[in-house]
Amino acid sequence: MPTPPPASGPEASIPSASVPEAPRPLLTAHAAIVLLMATIVGAIAGVLTGYSTGNIAGGLLAGLGAAGLSVPVLHNLIGG
């Protein structure tokens, strides 16, 4: 089927209706899985450290450290 010739005259200056792009997600599925798993690792490490030492602040620091260090490891393991 041949394409119609380009419009001339006043119709040529009217922009054609364009389809808006779908909004991109805030996080990709890969990033969401990595952050979720890092949160779980950090929570487990923090709870175990808090119970074993009896020091809540130490458990919190251990959990945050474990979560932070597990992000790049999980990013590589899951396939980034």
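Student: In this predicted model, is Gly-65 buried, partly exposed or exposed?

Tutor: Gly-65 counts as partly exposed, because its relative accessibility is 34% and that class covers what lies between under 20% for buried and over 50% for exposed.

Student: How are two packed helices described?

Tutor: Two packed helices are described by the angle between their axes together with the distance between those axes. Here the axes of H1 and H2 come within 7 Å and cross at roughly 150 degrees, and the crossing in which H1 passes H2 is right-handed.

Student: Which residues of H1 and H2 meet?

Tutor: On the H1 side they include Val-34, Ala-38, Val-41, Gly-42, Ala-45 and Gly-46, while those of H2 include Gly-59, Ala-62, Gly-63, Ala-66, Ala-67 and Leu-74.

Student: Which residues make the nonpolar surface patch?

Tutor: The patch, of about 840 Å², is made by Ile-33, Leu-36, Met-37, Ile-40, Ile-44, Leu-48, Val-73, Leu-77 and Ile-78. The elements that each give two or more residues to this patch are helix H1, spanning 29-53, and helix H2, spanning 56-78, with H1 giving the most, namely six residues.

Terms used: Residues are numbered from 1 along each chain as its sequence is written. This is a predicted model: local features need pLDDT of at least 70, side-chain atom pairs count only at pLDDT 80 or more; totals for chains, interfaces and linings use all residues. Side-chain values use heavy atoms; hydrogens and water are left out. Patches are made of residues with over 30% relative accessible area and no salt bridge: like charges are joined within 9 Å, nonpolar side chains (Val, Leu, Ile, Met, Phe, Trp, Tyr) within 5 Å. Accessible areas come from the Shrake-Rupley method with a 1.4 Å probe; for residues, only the protein chains shown count as cover. A salt bridge is a side-chain nitrogen of Lys or Arg within 4 Å of a carboxyl oxygen of Asp or Glu. Helices (H or I, at least four residues) and strands (E, at least two) are DSSP runs, numbered from the N terminus. Axes are lines fitted to C-alpha atoms, for helices over the stretch in contact, and angles run from 0 to 180 degrees between N-to-C directions. A crossing is left-handed if the near helix is turned anticlockwise from the far one by less than a right angle, and right-handed if clockwise. Contact means heavy atoms within 4.5 Å. Buried means under 20% relative accessible area, exposed over 50%, partly exposed in between (1.4 Å probe, protein chains only).
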